[in-house]
Amino acid sequence: MSLAYDRRLPDYLRAQQFAIEAIAKDAGLDFFPLLFEVLSYDQMNEIAAFGGFPTRYPHWRFGMEYEQLKKSHEYGLSKIYEMVINNNPSIAYLLEGNSIVDQKLVMAHVYAHVDFFKNNFAFKITDQGVDPETGVPIRKWLDTFANHGAIVRRWARRIGIEQVERFIDACLSLENLIDPQKPFRPSHPPETRDEDEALPEELRLLRVDRDYMESFINPEEFVAQERARVAEEKTRARRFPESPDRDVLGFLLVNAPLERWEREVLSLLRREAYYYLPQMQTKIMNEGWATYWHSRLMTEKICDASEIVDYADRCAGVLATSPGQLNPYKLGVELYRHIEYRWDRGQFGREWDDCRDYATRAGWDRRTGLGRKKIFEVRALYTDVTFIDEFLTPDFVADQKLYAFGWSERNDRYEIETRQFREVKKKLLTQLTNAGSPIIRVLDANHENRGELLLEHDHHGVDLKLDWAQEVLVALNRVWKRPVEIFTTVEDKASRLRFDGTEHLRRTR
Amino acid sequence: MTLKIDQDHSRFRKIVRGKIRQNLKKYISQGELMGKQGNDVVSIPIPHIDIPRFRFADKQQGGVGQGEGEAGDGVGQGQGQEGDGKGEAGKDAGQHALEVELTLDELAEILGEELELPNIEDKGKNAIVDQKDRYVGVRRVGPNSLRHFKRTFKSALRRQISMGSYDPKNPVIIPTRDDMRYRSWKTKDEPVANAVIIYMMDVSGSMGDEQKEIVRIESFWLDTWLRKQYQGVETRFIIHDAVAREVDRDTFFRTRESGGTMISSAYRLAAQVIGDDYPPSEWNIYPFHFSDGDNWSVDDTNVCVNLLKETLLPASNVFCYGQVESPYGSGQFIKDLRENFGDDERIITSEVKDRDAIMGSIRDFLGKGK
């Protein structure tokens with residue numbers, strides 16, 4: 001990038017930044033130091049293509065993203081206003097040439113994002129340690145991502161970009177196979193086995209004092225059941241990993257026969273996958289939070305009278321909904337407001353839940369005034385799944401006109417199925433669980449005692465996209481270097497998909 | 001300004017090219033690209049190159065939406081909100097199919113690579129060069145018609161200021177002889193067309209729409225390749241049933257006549273076109289003839305053979321005859337040609353059974369590098 005280009009904030013924006021920062025702090029937001037840079041369209045598109053970072057490892061996919069962003073920008077389909085990186089200090093980009101109202105809006109929005117990055121528990125996994133003096137988390141992801149770039153580039157020079165890129169392709173196919181809970185578990189699960197379990201061979205039958213009672217106290221079915229249990233425990237003892245492992249990437253990293261460069265590349269890709277994980281887990285909450293605050297700060301403090309209409313127009317654009325797609329900004333901000341409203345009026349707790357009388361509920365106001373406190377608490381302690389699970393109410397679903405839709409075979413299109421609270425909530429949660437990815441575990445690394453890798457898909461009513469699944473098996477085979485297999489369910493039949501290095505096999509089990 | 005992304009972008013373009021190479025057969029047989037031809041670029045829709053992951057099958061999943069509507073109402077699967085590009089840079093895959101632009105030159109290159117077409121050997125006919133004048137400079141002498149007013153004014157102004165005779169209150173500028181500036185030109189050599197393709201097509205009743213479509217597709221690709229090989233290519237179009245006439249490109253592909261077939265009429269006209277406009281010593285000449293192989297009479301076939309022997313073949317680089325299969329045609333003509341010209345290298349015949357055979361046929365015609 002040419003040095004002549006000045007990305008520093010011009011004075012009039014710097015003045016805005018100081019003002020808005022003070023206002024945000026005043027409102028109770030707690031954020032990392034924030035650096036703004038002003039980018040041209042080109043640079044904005046480039047950095048957006050790189051997933052927000054100015055430097056990434058070389059890969060064609062970024063080029064593809066760039067082409068798409070560039071095209072859709074040129075055709076006037078979309079425009080990126082703003083980006084912010086979860087880093088300490090956080091970096092945010094402003095688009096050169098945006099109107100002052102837009103820039104203010106973006107700044108207010110971004111301060112709330114950074115508050116969220118700093119305080120939401122899910123983002124703790126992006127901590128890279130804690131500053132010993134101040135106790136502030138260290139997040140130098142800008143450097144980390146740049147280092148990843150350097151590592152991959154070095155290997156590409158030595159081994160050839162073609163080969164490295166192909167390996168990255170394979171790894172990216174597995175990128176979503178990480179365990180969202182892993183960072184919160186102790187790294188070595190404590191040894192829980194006690195003596196009984198160490199000797200699983202024995203049948204645990206009930207004591208029989210009189211022989212003729214044997215078939216009554218320990219009937220044959222029970223004995224058979226016990227036998228099965230013992231056999232199961234034996235195989236489990238032999239099995240590796242001992243219990244199914246959701247962190248497939250981590251498992252491969254430790255156990256797959258990888259060359260040094262492969263291991264290094266896989267390791268950094270896994271690190272990046274975990275970096276992006278909290279952002280996917282909190283899309284609704286994060287955007288909702290930022291929208292909540294930009295709307296509050298802009299309308300109450302920042303805008304002057306001449307700007308309010310422009311602001312409203314822009315904000316309406318952000319919150320627009322379209323059928324068949326949920327707008328996380330809209331859903332998030334409305335839910336925060338809903339929570340604030342309820343906690344301000346004391347509409348929570350046992351008494352509220354038990355109250356069935358419509359009129360009482362409608363007029364319910366205990367003047368508790370806890371709303372603000374509550375949403376701050378919520379932004380720290382929840383992710384999208386728990387956020388929806390706990391705070392989505394039938395009133396809210398009705399107010400916001402939420403509906404569940406599904407594919408109609410008969411009409412060959414997506415159709416609204418229902419507006420019932422229970423169904424909507426269920427569908428929403430399903431959509432959000434595991435960041436919208438199927439749950440996959442490593443079941444056995446020595447499948448059939450032949451060193452083959454066996455995965456298992458935790459099927460909850462939705463099949464895998466089969467052609468893609470087969471492609472992923474090819475990628476997995478590239479990493480594991482032995483045949484791979486996955487247990488799943490296809491059209492209500494328990495099935496297994498297998499790839500042995502040359503051909504695909506699909507059968508029921 | 002160079003961007004860091006450029007490297008990744010060019011990697012991506014390479015991959016796209018590879019993808020197009022693999023899919024070329026599809027593109028050719030469906031004639032997909034011709035419809036998308038802009039000025040000199042073809043935009044090719046390719047599916048977003050997805051990185052496959054374990055994912056849910058779309059149709060089973062459904063989702064949650066927001067807005068009006070009753071149960072049973074359709075939900076347009078939204079493409080995202082327009083104008084809304086907030087948030088962290090997307091981790092989500094884009095929804096739009098990707099359109100990639102290729103120049104016709106690149107396309108020809110891909111075609112050449114895929115079909116392993118040899119480059120055409122120079123027939124020894126020098127590229128004809130024309131001289132063209134371009135106004136590129138300024139000089140002090142010249143005709144008044146080429147006077148460069150602005151430059152003249154400027155130099156006069158400059159002179160007057162330096163001489164002190166310029167009065168801002170009364171800014172009158174009077175150029176002298178020395179101030180005059182004139183546009184000047186350079187003569188450049190520019191290559192002109194030195195290859196001509198003469199397309200001939202049988203439009204008699206037996207040629208159906210499908211047959212014509214095949215001809216259309218095939219001629220697009222032949223055109224693309226030959227244009228890549230020669231700096232300038234002219235094309236002429238002749239249609240014939242019992243009589244032949246020259247038409248423009250559009251008419252060529254649209255006309256549908258009924259009636260008999262006299263192939264000789266087309267050959268005679270082609271010979272005449274060559275005689276009038278394209279002296280063989282200066283032009284690379286490529287006659288292509290497409291028909292269903294049904295000729296009026298044996299006599300006429302004999303006339304054709306004579307015309308070929310005496311005028312067309314000596315004048316042409318190579319004469320190509322493509323026979324499309326139609327339900328009505330007897331397909332006799334190709335046999336007659338093969339009988340008469342057996343192993344004459346100046347004539348290439350090829351049968352195009354259906355769309356899938358177009359690739360093979362292009363290879364037949366151009367594979368010899370003539």
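This is a predicted model: local features need pLDDT of at least 70, side-chain atom pairs count only at pLDDT 80 or more; totals for chains, interfaces and linings use all residues.
Two strands are taken as paired if DSSP finds at least two bridges between them. Within strand 2 of chain B, B:V64 stands opposite A:A404.

**Contact between the chains**

The contact between the two chains involves 52 residues of chain B and 79 residues of chain A. On the side of chain B that touches chain A, two or more residues each come from helix 1 (5-30), helix 2 (58-61) and strand 2 (63-66) of chain B. Helix 1 of chain B gives the most to this side, with seven residues. By class, the residues of chain B that touch chain A comprise 16 nonpolar, 22 polar and 14 charged.

**Domains of chain A**

The domain assignment of chain A gives the following bounds.

| Domain of chain A | Residues |
|---|---|
| Domain 1 | 11-120 + 282-300 |
| Domain 2 | 141-181 + 246-279 |
| Domain 3 | 197-238 |
| Domain 4 | 320-432 |
| Domain 5 | 438-508 |

Taken over C-alpha atoms, the centres of domain 1 of chain A and domain 2 of chain A are separated by 27 Å. Domain 1 of chain A gives 14 residues to the contact between them, and domain 2 of chain A gives 14 residues. On the side of domain 1 of chain A that touches domain 2 of chain A, there are six nonpolar, six polar and two charged residues.

Key: Residues are numbered from 1 along each chain as its sequence is written. Chains are lettered from A and ligands numbered from 1 in the order in which they are written. Two residues are in contact if their C-beta atoms, placed from the backbone, lie within 7 Å. Helices (H or I, at least four residues) and strands (E, at least two) are DSSP runs, numbered from the N terminus. Ala, Val, Leu, Ile, Met, Phe, Trp, Tyr, Cys and Pro count as nonpolar, Asp, Glu, Lys and Arg as charged, and the others, Gly among them, as polar. Domain bounds come from an automatic or database domain assignment.
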